[in-house]
Amino acid sequence: MMSQPQILLVDDDRHVLDSMGMWLREIGYTVTTSPGYHDAVAQLAAQKFDLVLADVRLQDGDGFELLRHIRKAQPEQTVILITGYGTADDAVEAIRLGAFDMLTKPLIDRELEMAISRALSQRQVLAENEKLKEQLDLRYGLENIIGHDHRMLKIFDMVDSVADTRATILITGESGTGKSLLARAIHRRSNRREKPFVEVACGALPETLLESELFGHVAGSFTGATTDKLGKFKQADAGSIFLDEIGTAPQSMQVKLLRVLQELQFEPVGGNTTISIDTRVILATNENLANLVERGVFRQDLFYRVNVINLELPPLRQRMTDIPRLANHFLEEVRQDTGRQIRGFTEEAISALQRYQWPGNVRELQNVVERSVLLSKNEMIGPGELPAAIASGAPVSVQRTNGRTLKEALEAPERQIILETLESNGWNRNLTADELGINRTTLYKKMKRLGLEDLAGTHH
């Protein structure tokens, strides 16, 4: 059951205060009365109200003064002013200062009731909009990037440290690791979140169009340029621009990009007017820029300028402990979109997913999960619903014993499995023991026997 809306009624006339308060309670509102400006300020500080109804003339101040106080202290608060001497100019001034409405005495019950209803409806719409914005923040914030692997946690910490700075960020990692998602998350975590986020796939545009796309052009600058065009950098002014596949950018554009990063200025293609911007630049590449510099493909001065803060996303094969979380996250997304009643994955299916090397990374996993949900005829997805290459898994390679005992022959793969699990858990032995299904004492003994104890010391 929804609680009754809370109204603060402010008037220095005790008779008006009592009679109007009684009427408002009768039509379903919870009312707190206040005889003047200072008492109203104290009431507002003490509790939250859905609406303030205030008379303009008060013995220790006036309604306009109270409205100004509320706008500073509680900008989201809804206020209706009431006056017995109102003019059109007063009403305009009240609205300009942020009042929802200004009503003139004598008040007609129906008129007041409708004004209150409209004010509360607007407040509800604003609250719902705020909730939608929070959901958007959640969707594109770090909360949507699934990862408990120690490498991912380090990236999350770094994002929180640099999100509000203007520093250029370079995101590196293999194709499909989630670079675009991370770029959006950086923007959503920053103080620029209300401003535009503009994404440009540099590799998808021909060299002749890329410069025009980024910096804009003036009419007549080249064949087909019939009107002026606003570039992506200007569109992202005060916000963030994400340049994906930056390693593919031609040398001519690299020069211009370097200037933008250093001076925040550029000229449109074919134009002489210098445009200044305040745009946060995030770049991404799946190529090794240092190698491109050595080959003369990427400018060295630009490389040093973009490589200020480097966030390197690990490939999925190095985050095996995140696979169950990611798979279930994508499963839930597909379930919501399709209404398919799939409850989850069998242990065998999860094991198969964790054995696979994922050359296409997180994007490939998302596609595999979607395919499996759509094709599955069972409540649980088993190996049979997975693509054959994944379901078959990668068998452990064991060399011939060559005279060694079985125990000695199994040491190499056992050591490899424990080492990989330790690394994926940031050398946390408790997590590693839990994941391997053994107790900590057994893990310690195995680490000592397999020469991993000394290696562990270098990771603390």
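Reader: In which helix is serine 212 found, and is serine 212 buried or exposed?

Author: In this predicted model, serine 212 is found in helix 8. Its relative accessible area is 5%, and buried means under 20%. Serine 212 of helix 8 is therefore buried.

Reader: Which residues does serine 212 contact, leaving aside its neighbours within four places in sequence?

Author: Neighbours within four places in sequence are left aside here. The residues in contact with serine 212 are then His217, Phe222, Lys229, Gly231 and Val269.

Reader: Where is alanine 225 found, and is alanine 225 buried or exposed?

Author: Alanine 225 is found in the loop between helix 8 (207-215) and helix 9 (232-235). Not counting residues up to four places away in sequence, alanine 225 touches His217, Val218, Ala219 and Gly220. With a relative accessible area of 6%, alanine 225 is buried.

Reader: Which residues are in contact with leucine 214, leaving aside its neighbours within four places in sequence?

Author: In soluble globular proteins, nonpolar side chains tend to be buried together. Leaving aside neighbours within four places in sequence, the residues in contact with leucine 214 are Val200, Gly231, Lys232, Phe233, Ile241, Leu243 and Met253.

Reader: Which strands stand at the edges of the open sheet of 5 strands?

Author: The 5 strands of this open sheet follow the order 9-10-13-8-14, with parallel pairing.

Reader: How many bridges join strand 8 to strand 14, and which residue is the bridge partner of isoleucine 169?

Author: Strand 8 (residues 169-172) and strand 14 run parallel and are joined by 4 bridges. In strand 14, the bridge partner of isoleucine 169 is isoleucine 309.

Reader: Why is strand 1 largely enclosed by the rest of the structure?

Author: Strand 1 pairs in the parallel sense with strand 2 (residues 30-34) over 5 bridges, and also with strand 3 (residues 51-55) over 4 bridges. Strand 1 (residues 6-10) is largely enclosed because, of its 5 residues, the number buried is 4.

Reader: What unit do strand 1, helix 1 and strand 2 make?

Author: Glutamine 6 stands opposite threonine 30 in strand 2. Together with helix 1 (residues 14-26), strand 1 and strand 2 make a right-handed β-α-β unit.

Reader: Which residue meets arginine 192 in a salt bridge, and how many residues apart are the two?

Author: The side chain of arginine 192 meets that of aspartate 278 at 2.9 Å, N to O. Arginine 192 is buried, with a relative accessible area of 9%, whereas aspartate 278 counts as partly exposed at 34%. The pair links distant parts of the chain: arginine 192 and aspartate 278 are 86 residues apart.

Reader: Are aspartate 322 and arginine 319 buried or exposed?

Author: Aspartate 322 forms a salt bridge with arginine 319, the closest N and O atoms being 3.1 Å apart. Aspartate 322 has a relative accessible area of 0%, and arginine 319 one of 2%. Aspartate 322 is therefore buried, and arginine 319 is likewise buried.

Note on methods
Residues are numbered from 1 along each chain as its sequence is written. This is a predicted model: local features need pLDDT of at least 70, side-chain atom pairs count only at pLDDT 80 or more; totals for chains, interfaces and linings use all residues. Side-chain values use heavy atoms; hydrogens and water are left out. Buried means under 20% relative accessible area, exposed over 50%, partly exposed in between (1.4 Å probe, protein chains only). Contact means heavy atoms within 4.5 Å. Two strands pair if DSSP finds at least two bridges between them. A crossover is right-handed if, with the strands pointing away from the viewer, the path from the first strand over the helix to the second runs clockwise. A salt bridge is a side-chain nitrogen of Lys or Arg within 4 Å of a carboxyl oxygen of Asp or Glu.
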